[in-house]
Amino acid sequence: MSSYGSPLSIPDLASKLIQNGLLCPNADERRLIEQRLHSVSYHRLEEYSWPYRNPIPGSSTARTSQFKSGCTIGLIWSTYIFDRRLRMLLMDAIERFEVAWKNNVTQV
């Protein structure tokens, strides 16, 4: 039996982020948070939120669950999109190298 309990709903996860300091000035922003959570999941999006979380005093890498002042879902989403585009560029470069290498090997 799991000790984690039942999973939280998307609205509950959005509330959790807002309680931890993610800026949400209006209902449209809350809908955007819920939309982002629905499209990529809380746990995936949480990975991209670490640069925007307060550091634990005395630690150079550990972070609290509280967001830095002024953090929005837009900042976190921009980080996610940047990483996604970078990953796609790298995969494209790897594929080009692989095709060129295989072509070179088979022509020997």
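A residue here is buried at under 20% relative accessible area, exposed at over 50%, and partly exposed in between, with a 1.4 Å probe and protein chains only. Ser-78 is therefore partly exposed, as its relative accessible area is 46%. This residue is found in helix H4; helices (H or I, at least four residues) and strands (E, at least two) are DSSP runs, numbered from the N terminus.

A word on the ground rules. This is a predicted model, with local features needing pLDDT of at least 70 and side-chain atom pairs pLDDT 80 or more, while totals for chains, interfaces and linings use all residues. Residues are numbered from 1 along each chain as its sequence is written, and side-chain values use heavy atoms, leaving out hydrogens and water.

Back to H4, then. It covers residues 73-106, 34 residues in total, and runs 49 Å from first C-alpha to last, close to the 50 Å expected at 1.5 Å a residue (the expected span is 1.5 Å times one less than the number of residues). Its buried residues are Ile-73, Ile-76, Trp-77, Tyr-80 and Ile-81. They pack against H2, helix H3 (42-47) and strand E2 (63-67), where contact means heavy atoms within 4.5 Å.

Now for the middle of the fold. A nonpolar core is a set of buried Ala, Val, Leu, Ile, Met, Phe, Trp, Tyr and Cys residues joined through side-chain atoms within 4.5 Å. The largest one has 18 residues, and those with the most contacts inside it are Leu-17, Leu-22, Ile-33, Leu-37, Leu-45, Phe-67 and Ile-76. Leu-17 touches Leu-22, Ile-33, Leu-37, Tyr-42, Arg-53 and Phe-67, leaving out residues up to four places away in sequence.

H1 (residues 10-19) and H2 (residues 27-40) have axes that come within 9 Å and cross at roughly 115 degrees. Those axes are lines fitted to C-alpha atoms, for helices over the stretch in contact, with angles running from 0 to 180 degrees between N-to-C directions. On the H1 side, Ile-10, Pro-11, Leu-13, Ala-14, Ser-15, Leu-17 and Ile-18 meet Arg-30, Ile-33, Glu-34, Leu-37 and His-38 of H2.

The loop between H1 and H2 holds Asn-20, which counts as buried because its relative accessibility is 13%. Its partners, not counting residues up to four places away in sequence, are Arg-53, Ser-65, Gln-66 and Phe-67. Gln-66 lies in strand E2 and is partly exposed, at 34% relative accessible area. Beyond its neighbours within four places in sequence, Gln-66 is in contact with Gln-19, Asn-20, Gly-21, Arg-53 and Asn-54.

Here are some C-alpha to C-alpha separations:

| Pair | Apart in sequence | Apart in space |
|---|---|---|
| Ser-78 and Val-40 | 38 residues | 13 Å |
| Gln-66 and Arg-53 | 13 residues | 5.6 Å |

Pro-51 is found in the loop between H3 and strand E1 (53-55), and is partly exposed at 43% relative accessibility.

Most residues other than glycine have a negative phi. Ser-41, though, has a positive phi, near 85 degrees. Ser-41 sits in the loop between H2 and H3 and counts as partly exposed, at 34% relative accessibility.
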